[in-house]
Amino acid sequence: MRLRLLFLSLLALPLSLRADLKYTLRPDIASQTVGVTLEMDSHKSSESFHLPAWVPGYYLILNNQNKIGAFKATDEDGKELKIEHEDSRTWTVLNPKRSPLTVHYKVLGDDPGLGFFAVHMDDTSGYVNGPAAFMYLDDRMKERMNLKILLPSGWDVATSMDPVGDGSYSANSYDEFVDHPIQMGKFVRDSSTVMGILFDVVFVGPEGQINCNTKAETRRLMALSAPAIKLFGGASFKRYTYIIHLAVGNFAGGLEHRASNVQAVSNSAALNLDELATHEYFHAWNVKQIRPVVLGPFDYTQPVLTGNLWFAEGVTDYYAYITAYRSGVLDSRWLAFRLGQQINRLQDSSNRESVTLEDCSRRAWESGGAGVGDLSYYNKGLVAGLIFDAVIRSETGGAKSLDDVMRLMYKKYKLPAPGYDVDGIHRALNEVSGRDLTELYHLMIQTTGEMPYDLLAGIGLKYSPGSETALIRDPGASGIAVSRMNEWLHRP
């Protein structure tokens, strides 16, 4: 009876709500392009196809629409349909018969290096960052997306998207679909399992040249991957993919995705990925699940402003160092030295005296995506995370820490729940600490006042201005503070 009622209810829905959108991706080495085909049902006299103006994780408007060419559409009889290109990122297909239609276009793969924010194609590899290649329809973003990849002979593919067989993949929505980058070509793939989760590590070198020991790098990445899973008690992904591009184009660094990340680094014998890898990986929890409400579902048409990037990126950076330390591949001297460097960097900033951390986050889009002048919300957000961690440990007698804030927010805000509102972080800090931290929050996040480094004494640490190792053990620390420091340095 239940099955019959379900079937009848499905019949009552418009067909457009039940049909999948079927994409096909075809690399073309000779033309340095990827061809995209989208097959879909349609019951409208016109359908508008949009290309995103930005890529989640990189807070800057891009011009990927300039890479689109040979756009055309045909109806179910193969008849070419009229196109109106009403603005630079929108193509409208006139469909008077309201019949199923197929859209074709090509995307130029000239993203520098081996690809990062857009599409790259060369003789041995191809890379697709979804928002740069796959168009969407406003009213169909929550439908299932299917993708078939037609590879050149001898090429392989790596993506964290769910495979469905025969070179095809699927995602439950457009946001999910484009948040799984696609690596194609000739590359080295290593696989391993961490706490029951499968990890793929894909190494892509220019013209297939790889200078590092991929097995050793994979073992290190696996060690670096365990602490975050332990912290949260699990993960939202069934498998995870590291895509390592051994070439630097116009950007060196990393970019997070829902169940993967891509890193662009030099093709050296030792990659030294540690805190870069842990930063992008930790985003699978903080940003992809724990997120400001405006960062998912996404508005791809314009800048999306939030004053909480200091938490999304800066606290993630704090955990990049903490996670690398907890993995056991780096020691406490390294941790103190690197966190001390971050404090020194903040103190050297001139803009910290005129721009608050909240405003710095909100103005990211106007300043190249990372901050305002020499003030970075990554940097000051990291320092704020360290101080909040120290205060919570001190206030709760070591019973709680910033880890508990992260776990609380993951429980409350992970997908499909809405993200947190403007006061969500503040409320979580108060709840975990058992204290009203409004004054401290206001000072560090909403004013340009000096950071209260004296609060680090609660975990036996001291800021030593002007020294190379700016974060040191406080020689006057009490036994309780030393105990809190040992708890902070404990490797779960």
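In this predicted model, G253 stands opposite A264 in strand β19. The pair belongs to β18 and β19, which run antiparallel and are joined by four bridges. The two strands form a hairpin, with three residues between them. Within β18, G253 and L255 point one way. G254 and E256 point the other way. All four of these residues are buried.

The largest pocket holds about 750 Å³ of space. Its lining comprises 29 residues. N172, S173, E176, R258 and L415 lie nearest the centre of this pocket. Helix α2 (residues 174–177) gives the most to the lining, with three residues. By class, the lining of the largest pocket has 12 nonpolar, seven polar and 10 charged residues.

The second largest pocket has a volume of about 570 Å³. It is lined by 29 residues, and the closest to its centre are F251, H279, E280, D317 and Y378. Several elements contribute to this lining. Strand β18 (253–256) and helices α4 (274–282), α5 (309–326), α6 (332–347) and α8 (377–395) each supply at least two residues. The lining of the second largest pocket divides into 12 nonpolar, 10 polar and seven charged residues.

Four cavities of 30 Å³ or more were found in the whole structure. The largest cavity contains about 70 Å³ of space. Its lining includes D111, P112, G113, L114, G115, F116 and F117. A247, G249, N250, F251 and A264 also line this cavity. Seven residues of the cavity lining are nonpolar, four are polar and one is charged.

Backbone geometry was then considered. Two cis peptide bonds are described here. One joins G296 and P297, with omega about 0°. P297 lies in the loop between α4 and α5. The other runs from L415 to P416, with omega near 10°. P416 lies in the loop between α9 (402–413) and α10 (424–433). L415 is also one of the residues nearest the centre of the largest pocket.

Positive phi values occur at two non-glycine residues discussed here. N272 has a phi of about 55°. N272 lies in the loop between β19 and α4. With a relative accessibility of 63%, N272 counts as exposed, because the cut-off for exposed is over 50%. V287 has a phi near 130°. V287 is found in the loop between α4 and α5, the loop that also holds P297. V287 has a relative accessible area of 8% and is therefore buried, the limit being under 20%.

A further site lies in another strand. A70 is found in β4 (residues 68–75). A70 is exposed, with a relative accessible area of 59%. Beyond residues up to four places away in sequence, A70 touches H104 and Y105. A70 and V107 are 37 residues apart in sequence, and their C-alpha atoms are 8.9 Å apart in space.

Technical notes:
Residues are numbered from 1 along each chain as its sequence is written. This is a predicted model: local features need pLDDT of at least 70, side-chain atom pairs count only at pLDDT 80 or more; totals for chains, interfaces and linings use all residues. Side-chain values use heavy atoms; hydrogens and water are left out. On a 1 Å grid over the protein atoms alone, a cavity is a set of points where a 1.4 Å probe fits but cannot get out, and a pocket is an open set with protein on both sides within 12 Å along at least five of seven lines; lining residues have an atom within 4 Å of a point. Grid points are joined across faces, edges and corners, and a volume is the space filled by probe spheres set on the points. Ala, Val, Leu, Ile, Met, Phe, Trp, Tyr, Cys and Pro count as nonpolar, Asp, Glu, Lys and Arg as charged, and the others, Gly among them, as polar. Buried means under 20% relative accessible area, exposed over 50%, partly exposed in between (1.4 Å probe, protein chains only). Two strands pair if DSSP finds at least two bridges between them. Contact means heavy atoms within 4.5 Å.
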